[in-house]
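Here is a short report for a first look at this structure. Please keep the sequence and the 3D view at hand.

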Amino acid sequence: MSDEQRVRKKRWKLRGYHILILALVVGICWFGLYRWWRLRSQLQLRMDAIRAAGYPVTCAELDDWYSIPDGVDNAADVILDAASWYRGPNEPNLVPVAGLAELPGRTEGLSEEMKKAIDVYLASNKKTLELLHEAAGIEHSRYPVNLSAGMNALMPYLSSIRYMARLLKAEAVIRAEDGEIDQAIESTAANFGVARSLSGEPVLISQFVRVACESLGVSTVERIVNRSELDDEQLVELGRLVGGAGSGLKFPISMMGERCSMLDIYLNPAKMGGQAFGAPRILEVLFTAFKATGLIDKGAMLYLDFTDEFLQAMELPDHERIAAAKAIVKKLEEASGIQARMVRIIAPAYARLVELDLRSIALFRVARLGLAVERYRLAVGKLPDLLGELVPGYLDSVPRDPFDGAELRYKRLEKGYVVYSIGQDGSDDGGREHPRGERKDPDENWDVTFIVER
């Protein structure tokens, strides 16, 4: 054996520290696999628990969940048919709500020029309006969206629904102006019907659109009350319409879609396509790398913890929800680790969502209260001195302000009255109305109001 062969043999001789290094590598690999398996098992248990509660977990399951019974009429089909016939205003500068013109104040009439422009607009949409009124009477609705696509799901019909709601408000406004009160109420009912067609869609943006359409309906009701002399039957019908809406953002349904979409990203990072959240492709690469180490599963469980806490907070009394949501958000902001940072990237501004939700609820409560005041005035011949006089003849109880839990406020005006909620700023500003068409000045406060000036 040559000297070179002896050196080589000596060089490759297995030594004790080689065994230690090998054992260490094997141990690290085993620990990593065990940790990955344990985290994946824990995440699977969490997902199974969600399914056991009757909720979908994957986007494919969400798409199946969003369904209507076989063989029933579908309001969404009729509304989309109506949208296909829609024509915008010929003179948008003269048409309010659906065009560029500003709608006169609640007590002010329409100019003859404006009325003619609206009449032309409505005449060009006769078929659309017929279909929208038909859709309002259909119970079930399911729009043609493929929720299996997760965050890439396309919902172009949402903009069409907004146009339909504006068209119906324009129709209600002109009917009330012409003294056709029952027809104005029918148009308002159709408006709420269009909004209701989105009530079961488990997507947050869809619930935002629904709430926006319902808010148009409330503003229509306020205008009808100010511009018309209504009898008790008509006031009761408006109260029924308002009472049937105003459920806010429906967080259990909205969060269902958010949760499925987020879990879809956690479990399938490649679906980000490098474009999710406007992020570069490196985020997809990082998600994929972290998934192999179990960090993604840990992050997914942190996200589920966050959403569970939020949904539990939404079961609290209305006026306690904002503080609870802010505490949850603060807890997340103070959490350390890359998983917490990931959740902060993908989670919406939940505290702000709660404020918007409560504002919608408040808007409908003050509208119902205002209609009860009108019924009292019609029956008694004067306005009540206190809201308690409406109980039990017109209300079971005085509605509570969702922002502070106290009774909604009532204030007599020089001409008429205002019922109001203090709003998200928490300040009682005496029923001060938000200026129409203006952004809120950060140095000024406003209330959520329903005002009748007659």
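How many residues lie between S1 and S2 in their hairpin? There are four, and Gly416 in the turn has a positive phi of about 100°.

This is a predicted model, where local features need pLDDT of at least 70, side-chain atom pairs count only at pLDDT 80 or more, and totals for chains, interfaces and linings use all residues. Residues are numbered from 1 along each chain as its sequence is written, and side-chain values use heavy atoms, with hydrogens and water left out.

**Strands**

Strands (E, at least two residues) and helices (H or I, at least four) are DSSP runs, numbered from the N terminus. Two strands pair if DSSP finds at least two bridges between them.

Five of the five residues of S2 (residues 417–421) are buried, so the strand is largely enclosed by the rest of the structure. Buried means under 20% relative accessible area (1.4 Å probe, protein chains only). Tyr417, Val419 and Ser421 cover one side of S2, Val418 and Tyr420 the other.

**Helices**

The axes of H7 (residues 157–177) and H9 (residues 204–227) come within 10 Å and cross at roughly 5°. Axes are lines fitted to C-alpha atoms over the stretch in contact, with angles from 0 to 180 degrees between N-to-C directions. H7 and H9 are therefore roughly parallel, a term for angles under 35 degrees. Contact means heavy atoms within 4.5 Å. Among the residues that meet are Leu158 and Ile161 in H7, and Ile205 and Val209 in H9.

Note on methods
Angles under 35 degrees count as roughly parallel, over 145 as roughly antiparallel, 65 to 115 as roughly perpendicular and the rest as oblique. Buried means under 20% relative accessible area, exposed over 50%, partly exposed in between (1.4 Å probe, protein chains only).
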